[in-house]
Amino acid sequence: MLKSNRDPGYRFLYPKQYRQGELPMIRKLCLITLGLLGTSVAHADWALNMTKGVTELSAETYDLHMLIFYVCCAIAVVVFGIMIFSLVQHRKSKGAVAATFSHNTTAEVIWTAIPVVILILMAVPSAETMVRLEDSRDPDLTVVITGYQWKWHYAYQGKDVEFYSTLARESNDARGKDSGIDVFSVDNYLLDVDRPLVVPRGAKVRLLITSNDVVHAWWVPKLAIKKDAVPGYLNEAWFRAEESGVYRGQCAELCGKDHGYMPIVVKVVEPEEFLAFVASEHDEKARVASAN
Amino acid sequence: MSSTTHSAEHHDDHGPAKGIKRWLFTTNHKDIGTLYLIFSLTMFFIGGSMALVIRSELMMPGLQFVHPEFFNQMTTMHALIMVFGAVMPAFVGLANWMIPMMIGGPDMALPRMNNWSFWILPIAFGILLSTLFMNGGAPAGGWTMYPPLVLQTGNAFPFLVFSVHLMGISSIMGAINIIVTIMNMRAPGMSLLKMPMFVWTWLITAYLLIAVMPVLAGAVTMLLTDQFFGTSFFLAAGGGDPVMFQHIFWFFGHPEVYIMILPAFGVVSEIIPTFARKPLFGHDSMVYAASSIAFLSFIVWAHHMFTVGMPLTGQLFFMFSTMLIAVPTGVKVFNWMATMWKGSMSFETPMLFSLAFLFLFTIGGFSGLMLAIAPADVQYHDTYFVVAHFHYVLVPGSVFGIMAAAYYWLPKWTGVMYDEKLGKIHFWASAIFVNLTFFPMHFLGLAGMPRRIPDYSTQFADFNMMASIGAIGFGLSQLLFVYIIIKAARGNGVKATAEVWDNPRGLEWTVPSPAPYHTFENPPTIKE
Amino acid sequence: MEKKNPDVEIGTATFTRRLLLLAVAMFGFGYLLVPLYSVFCELTGFGGKPNETAATVVENIDENRLVKVEFVTTVNEYAPWEFSAAVADMEVHPGKLYKATFRARNLSHETKVAQAVPSIVPVQAAKYFRKTECFCFTQQAFSPDEARDLEVQFIVDSNLPSYVDTVTLSYTFFDTARLAQNN
Ligand SMILES: [Cu+2]
């Protein structure tokens, strides 16, 4: 090893040592190229594309994204194809003589009409998904989320459980300009918190989102939720996670100095585990109360 | 510029004054055009240096160079300077130089106002840049200035508002001047529909400017009175609504996007026919398309706010209206495509930049269409996907349009051909680096990287590295641009003919190169 | 200029003046957007703002329908209040007048003035949530350490769309000191 661990600029030259389970840069580049040629790269273990997520709606969102992406690709192939053909064939150096036409009503009507049709076809599934996104009725659990400069507060409605969630210690120690800590050595650098939001798997969780100070946005890609937290206003969102696991996200609306340092972690657990979590929260609260 | 020698031909008494006074008090549209262009280029480099601060910090995860506070100042200032200082003044400069010549008029209709509208700009940006040295630093709440965050700005806050006012006044005066010039200074026989596309797109742009710049001025004035004079337009505590600011801002902001791209459409519509040696396809439908884009731009604003919490009907409306914009935009792209079809193309630097515009702006259009899909926008919003999108329409879109225009008309301005070889190198370097910078940002956004963050999780490291390398390369390539311009401006190159290019259309090619200090004092005759 | 373009209809000075006027008018329009926005919000429920002045409504009770009304309370910017709803939620019949109580306590040793800002989700329900009396209609002054109950009387309009089964009413307590300072 010529370069020290502290020099991430050269990391991609030594892929194996550094990142197990990730692909070397060169292979990534090749895959990107392939991906652009139409090969599906969604299964790769590193993120290049939008996540499918772990809820029905996140999968639907992903499908919409891919649909519009492929539509754009198809249009691009046609339009760029014609242009490239023209660039190759109709060049002066090849002796091309310029035609003089400057109108063609039929063509103009066609290329106005076709996009309209494509757009209508796109709009229908989008609208359907949107209707479902809005339907937050009959939740199993409601959590009030409040954005703070620069942390989140979670309060479980009717459960008497509430807490702040801030950037995890390890990340916080490493984030300073002169911390002397290699951020590559920190697990989930900037994406870890001290206390995650714990929710049961399979439950419909309704989120009520507001803010204490400035506008923030609560975003967890795997849940396909991004909602602004506006002071004085309540916003609503919901999800039903199908798989247990830990899902990470970040504040997505510029909220000042430490906007980049207020991550979100949602831990989806089995329902029994969730009940245990609530119970332990109550025990903890009682313990603190009796200690005072 | 070296126009003195030529003005001697007929008007030795009308030549430019000597020294600094010429520039301070000039009312000549060509001088003012030059001032605008030089100012814009300067701002392009200042804003560009800020972009490089941003990209250097983001090159690797972990903080290396700046603190988060300063990083936010850089993103905010970079945007304000590039939008209001680089792109918009560049187009006004082009309009000043070219519109009178293209419509056969002797000068702008309001030459004195023209002088003011320019000289307000250096003052506005002097004020804005001075905030960097103030207590609390420069504005750091983003160029969108959303309250309540923007109200946390330090001493810079009133200066931010005041400089935005000045920028607004400058562009409104410029816009008024352009409209009156186009409507009243045309040579006899130059009917509206005969006007070149660049003039048309600028006419529409100027109306957009008058319509929305005052709204922005109003919005920032409300911020100012909220902060200092006890109003509560946006303070929830006093019955106001912070979200309303976002509505008003984007009511300005979306037309603003077209203010920055429509003149580039015009430029490209001038250049492609010249180098395809074929008339512009569908001139009239181009005019209608540009007008419909301008109209639609007023009813799509809330697509910037899909995550803010809107009733379903609102989301649906803004989604559909936004998607509709793809139709006239598509018409434009197809018309350019048809202009090239069966032409006899050659690929000088202006054409290369126009072609890159065509391809890369279209990519920006595609990502724009994706962003219009409200449910998917939930995942894209405020991520690097958005950053990639608007940089694709602004850099290889607007900025390439400006560069294409600069190369296209430089021989007319300076009287000599620019260095074609260097021009091509500049083009290829810019085109490659612009993609290296902004294409990976699509992946970053889709993978979950929010925008406006100074540091990020290690999984985003590779693409950020690529983008940063691209940005540095792009920045360095622009030094070549300056060199090429200076070389031409010094008259160092092959003498240009009046036509410059191969039988181009347009009145500007009927006057000698360099264009005399005064042109068309007697209106030309317009051929049928 | 010897030859004039025959298309020119308005003189330069007049035209300039009209365009300037247009610019000034658009500046005014920016301000006009403020009341327009309120009207727009009232019509569509955009923003989830319920009425901010007392509504006069006639009871028209729908005994067959029950709607859940939830309460959420927030204190903005760490202002020194304890503020909570007496009950987390209640089941109401549309068209019937109800009263809900909130508890607030000034945690500081100075007089503090609060303004409660209401917000409702789903936003579609906002215009059907009518308050006949509310502590949020006016500013609330609290003497040092004072605790007191605050009341809201409301009626959920029986026209509330049938797909809405839960209405969440949120109140955020803002310290008005900042506003007052400026006035
Ligand atoms: Cu935040």
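**View 1. Secondary structure of chain C in the predicted model.** Chain C holds two helices and nine strands. Read from the N terminus, the order of its elements is α-β-β-β-β-β-β-β-β-β-α.

**View 2. Burial, contacts and surface of chain C.** Of the 183 residues in chain C, 46% are buried. When contacts between residues at least 6 apart in sequence are taken, 77% of them join residues at least 24 apart. Chain C has an accessible surface of about 9,200 Å², and carbon and sulfur atoms account for 53% of that area.

**View 3. Protein donors of the copper ion.** Chain A supplies A:H216 through ND1, A:C251 and A:C255 through SG, and A:M262 through SD. These donor atoms lie 2.1 to 2.6 Å from the copper ion. Angles among the four donor atoms run from 94 to 127 degrees, and the site is tetrahedral. The site is assigned this geometry because every one of those angles falls between the limits of 85 and 135 degrees.

**View 4. Position of the copper donors along chain A.** The donor residues follow the sequence spacing H-x34-C-x3-C-x6-M. A:H216 belongs to strand β6 (residues 216-220), whereas A:M262 sits in the loop between β9 (245-251) and β10 (264-269), so this pair ties together parts of chain A that are 46 residues apart in sequence.

**View 5. Burial of two copper donors, A:H216 and A:M262.** A:H216, the ND1 donor, is buried.

Terms used
Residues numbered from 1 in each chain as written. Chains lettered and ligands numbered in written order. Predicted model: local features only at pLDDT ≥ 70, side-chain atom pairs only at ≥ 80, totals over all residues. Heavy atoms only, no water. Donors = N, O, S within 2.8 Å, 3.2 Å for Na, K, Ca; no water. Tetrahedral: all angles 85-135°; square planar, octahedral: opposite > 155°, others 65-115°. Helix = DSSP H or I, 4+ residues; strand = E, 2+ residues; numbered from the N terminus. Buried < 20%, exposed > 50% of the residue type's maximum accessible area, 1.4 Å probe, protein only. Contact = heavy atoms within 4.5 Å. Areas by Shrake-Rupley, 256 points an atom, 1.4 Å probe, with all protein chains shown as cover.
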